[in-house]
Amino acid sequence: MSLTRRDVEGIAHLARLEITEGELPVYVDSLSKILSFVEQLNAAQTGSVEPMAHPLAGEVQRLRTDAVTETDRHEKYQANAPLVAGALYVVPKVIE
Amino acid sequence: MSLHARSVAELAAGLKAKEFSAVELARHCLARIAAANPGLNAFLTVTAERALADAARADGARAAGTAGPLTGVPIAHKDIFCTDGIRTSCGSRMLENFVAPYDATVVTRLAAAGTVLLGKTNMDEFAMGSSNETSFYGPVRNPWDSAKVPGGSSGGSAAAVAARLVPAATGTDTGGSIRQPAALVGISGIKPTYGRVSRYGMIAFASSLDQAGVLAASAEDCALLLGAMAGFDPNDSTSVDAPVPDYVAELNAPLKGVRVGVLKEFFAQGLEGATGALVEASIAQLRELGAEIVEVSCPNLPLSVPTYYVVAPAECSSNLSRFDGVRFGHRCREPRDLMDLYKRSRGEGFGAEVKRRIMTGTYVLSAGYYDAYYLKAQKMRSLITADFKSAFAKVDLLAGPTSPTPAFGIGAKVDDPITMYLNDIYTIGANLAGLPAMSVPCGFVGGLPVGLQLIGPHFGESRLLAAAHAYQRETDFHRRVPAAYA
Amino acid sequence: MNQAAVREGWEVVIGLEIHAQLATRSKIFSGSSTAFGAAPNTQANLVDLGYPGTLPVLNREAVRMAVKFGLATGATIAARSIFARKNYFYPDLPKGYQISQYERPVVEDGSLEILLEDGGKKTIGITRAHLEEDAGKSLHEGLANASGIDLNRAGTPLLEIVSEPDLRSAKEAIAYLKKVHTLVRYLEICDGNMQEGSFRCDANVSVRRVGKTEFGTRCEIKNVNSFRFVEKAINYEVERQIDVLEGGGSIVQETRLYDSAKDETRSMRSKEEANDYRYFPDPDLLPLVIEPALIEEVRATLPELPDEKAARFALHYGLSPYDAGVLTSSRELADFYEAVVRDSGGGAPGAKLAANWVMGDFAAFVNRDGLEVGAARVSAPALAGLLRRIQDQTISGKIAKEVFERMWTDAAEADAVIQAKGLKQITDTGAIEAAIEAVMAANPKQLAEYRSGKDKLFGFFVGQAMKATQGKANPAQLNDLLKKKLGGP
């Protein structure tokens, strides 16, 4: 599968990754190679097989008791935050 | 025998016999790390103070008579495991200054077992790589040849153990990242069954493939550590609630009568001649030890690499979305607006391979492509799993190569992603099917180690470890240490 | 027909998506508290913050509540449902994806019956209801060119309830919305507090020419937080769309916000680009399997549902369907009503009287003071006491209103108020006659006019006589006596 510059720009945008002008052709090339590689799958007969999302066939989701087990530790958790004001995480203005 | 030449089992015995203290042992390792790490780049963070505190506590437990089998044994954690109060970088610029506010379950359990934490090891960025060359903090060098890669993504842990800077280290394996480095540096490594060990606190790459495991000098050492790590964790919904066998007690199960399958597909093209010959010789060795060798086939296995390179990127593209410069991790300077915050923080924080995989994943999940790529790959995954299941109806274990070649040169394969991806050709199948698998050293080609891979059925770790142990009782490849680190 | 507001030749098609916050103690995937109003980020743990390495574990109670809703709407409970990731970037979404359900939701194919304005009934289909986690909040005050993110709400369990596009007017939409609102409160799975955001509604609105079978392009109006605004927003949007189409244009499929100050909808700039959510099954969660035993266990906890209760009230208490509907609009109100009826002696007239008072004065005071029924300043036994005094003629209905107000303000019993204020009804014929005679004597002109045919003045005399007796004259007796006396010597 050969991707175009526009394709890669679109994917980078969806993934919120900045790709510079210089980097773009490199990614176009490598992503095209990767997609061509994985396209070997197209020829495979998978017919009516169920897709597998989990290696644990037969295991089911465990349910947790509804109880409050957490206490306020926001100071510890916010120690890694790049920008905090009044215990709020600060970001450039969100326009609705 | 020098302290560092000893296995975990031997160190545990020495500590128990009070031949040396945990503090002495820790100091010994720390000194070796200080000397060797500049050349190897295996450690990203050395936790000297913490190590000595852990060791003092271990000696205290020893004196009080409350010591366990692993009390006082030094270990290192791959820098993918969150360690409370200690920088956890995941080999990335994105988490360069990230101090984890909690311990991964694996970390908690090994600490509770009395181990001594020496530090955090280097790795491919976000576990994406097969050579430890994608780390933001520079490549790790193979202790057998500093111009060669140690394998990846657990390259730091592998190199640290191979150079005997630490007797054991944790790793993670998503497509081969414990087994392949173990093979390339001549040590033993085990990836358990999916769900055997908790993923809580282990920074996620591909959630349905990731598993935590051990790198150490021998199968016995792996058994010791795995026993302490494994078991149900209520914090991980994918963790299985099944009892953990006493792996150490079951190590001596003989190989006699064990049916070992040799996969036709593993001895096809791509396997380097001398490497293949060594693997075949080690399989012959298994036969000598009483195993019955059977040829089996998993016909869908050749598509395991393309299958993996759809599923893993898809999952990682989603798992890595949380890195957005808002609550933790790298944030770009003076973002103009929200879009700029996201794009530049992520663009600057992630390296090229990570970005490639995020974009591949984003593409295969996107509207119009989901069925053709992701759904198709998950179907192929079912077929591959079914193939293994059929094989295990005929045999108890599978044996084959871990890696198609010995360690390659640093920089040799970085230009073409596909060439790099094909290093995982033998290891990926076990991840797709969630099976336990190990690599043990089985010889040298041109002075570089080669690994023998063993794969077991779900929750077949005991049998796996016992077979590896039987092999290691008869061979001494696992005892070899590079001259520079002897 | 409820089409009064819709223009000639056009039909409206509406579907509602309701997000009901489930009233669990802890969040859907973590043990953080869901309590409203906490200081920012004090109820957001590592899982809620999306810290690397953290993993979700599903809350049993959220599942039970979803099952409860499914049972109450006659829906199919999926034996096996799957959680999926909805991927998009937004600051209030810490992981960069929302854990939701996509292809296999927990509840499917339910329905609710609504009462139309003309008294008719209509069944509205519920396509699906699924579990998902709520996002955090962005705050904009006090931050120059920036927003502050509070993640206390992130991870609160939501039940997203999606209706079939069966609604054909804003009024029907409101009836359905209120029905769901009542139901989730009856089931005690959601407190329905729209101001606090625990019950949110998005409306999908489109129009088409009458007779057409395909749906027109729809617009989604997001996050309208009151019944009144939902109605206004839909009405505005319908007009807007018809204007566009009649003007020869076409509708752009988009998300719009309702501006209540301007009473208009407008396009949401940030969501203009179509989002590709890249849904896939969440690998951190295993399939949710719901055993028949769990379903039966939940079924046993179902209360008498609003429709059943309304039907019972209509039959048992002799109420109109409309009145029964109002009285059963909440369990608390329904329980209050039944307690009043029981305490005031039961019986059909008593039931009707109680209905009028509960729906009338009682409801008015409760609403005026912004209270819950349980916090009302007049209890059921107290109101019953008042109604007994009406029924036994101690006071008239009109006086009773005064008494009720005093009871509310002073938290007093009826008898105490009647006694203190001397409000007992005057039933003594002599006393009433005396008052009438006095009024007649004081108003000779009106008397003459009345006697010469101006019947309307009867009301004037009623008023004057009531005034003379401080409103305490028994109205029926007063009427009779007045008629007699005014009629002629």
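This is a predicted model: local features need pLDDT of at least 70, side-chain atom pairs count only at pLDDT 80 or more; totals for chains, interfaces and linings use all residues.
**The interface of chain A and chain C**

Chain A brings 35 residues to the contact, and chain C brings 53 residues. The area buried between the two chains is about 3,900 Å². Carbon and sulfur atoms give 58% of that area. A:Gln61, A:Arg64 and A:Asp66 supply 20% of what chain A buries against chain C, more than any other three residues.

Polar contacts are present: 23 residue pairs, with both residues at pLDDT 80 or more. On the side of chain A that touches chain C, the elements that give two or more residues are helix H1 (5-14), strand S1 (63-64), helix H4 (74-77) and strand S3 (88-92) of chain A. S3(A) gives the largest share, five residues. By class, this side of chain A has 17 nonpolar, nine polar and nine charged residues.

S3(A) also pairs with strand S10 (residues 146-150) of chain C. The pairing is antiparallel and runs over four bridges. Within it, A:Val91 stands opposite C:Ser147 in S10(C).

**Chain C as a whole**

Chain C holds 15 helices and 17 strands. Its C-alpha trace spans about 95 × 55 × 50 Å along the principal axes. Of its 489 residues, 55% are buried. Among contacts in chain C with a separation of 6 or more, 70% join residues 24 or more positions apart.

Side chains of opposite charge can pair when their charged atoms come close. The whole structure has 59 salt bridges over all chains.

| Salt bridge | Closest N and O atoms |
|---|---|
| C:Glu239 with C:Arg7 | 2.9 Å |
| C:Glu332 with C:Arg185 | 3.9 Å |
| C:Lys445 with C:Glu449 | 3.6 Å |

C:Glu239 forms a salt bridge with C:Arg7. This pair links distant parts of the chain, 232 residues apart. C:Glu239 sits in helix H3 (residues 227-246) of chain C, and C:Arg7 in the segment before strand S1 (10-21) of chain C. C:Glu239 is partly exposed at 29% relative accessible area, and C:Arg7 is partly exposed at 24%.

C:Glu332 forms a salt bridge with C:Arg185. C:Glu332 lies in helix H7 (residues 331-343) of chain C and C:Arg185 in helix H2 (residues 170-186) of chain C, so the pair ties together parts 147 residues apart in sequence.

C:Lys445 and C:Glu449 both lie in helix H13 (residues 444-451) of chain C, four residues apart, about one turn of the helix. C:Lys445 counts as exposed at 57% relative accessibility, whereas C:Glu449 counts as partly exposed at 26%.

A network of salt bridges links C:Glu304, C:Lys309, C:Arg312, C:Asp335 and C:Glu338.

Conventions:
Residues are numbered from 1 along each chain as its sequence is written. Chains are lettered from A and ligands numbered from 1 in the order in which they are written. Side-chain values use heavy atoms; hydrogens and water are left out. Contact means heavy atoms within 4.5 Å. Buried area is the accessible area (1.4 Å probe) that two parts lose on being put together, summed over both. A polar contact is a pair of N or O atoms within 3.5 Å; within protein, one must be able to donate a hydrogen and the other to accept it, and residues adjacent in sequence count only if both atoms are side-chain atoms. Ala, Val, Leu, Ile, Met, Phe, Trp, Tyr, Cys and Pro count as nonpolar, Asp, Glu, Lys and Arg as charged, and the others, Gly among them, as polar. Two strands pair if DSSP finds at least two bridges between them. Buried means under 20% relative accessible area, exposed over 50%, partly exposed in between (1.4 Å probe, protein chains only). A salt bridge is a side-chain nitrogen of Lys or Arg within 4 Å of a carboxyl oxygen of Asp or Glu.
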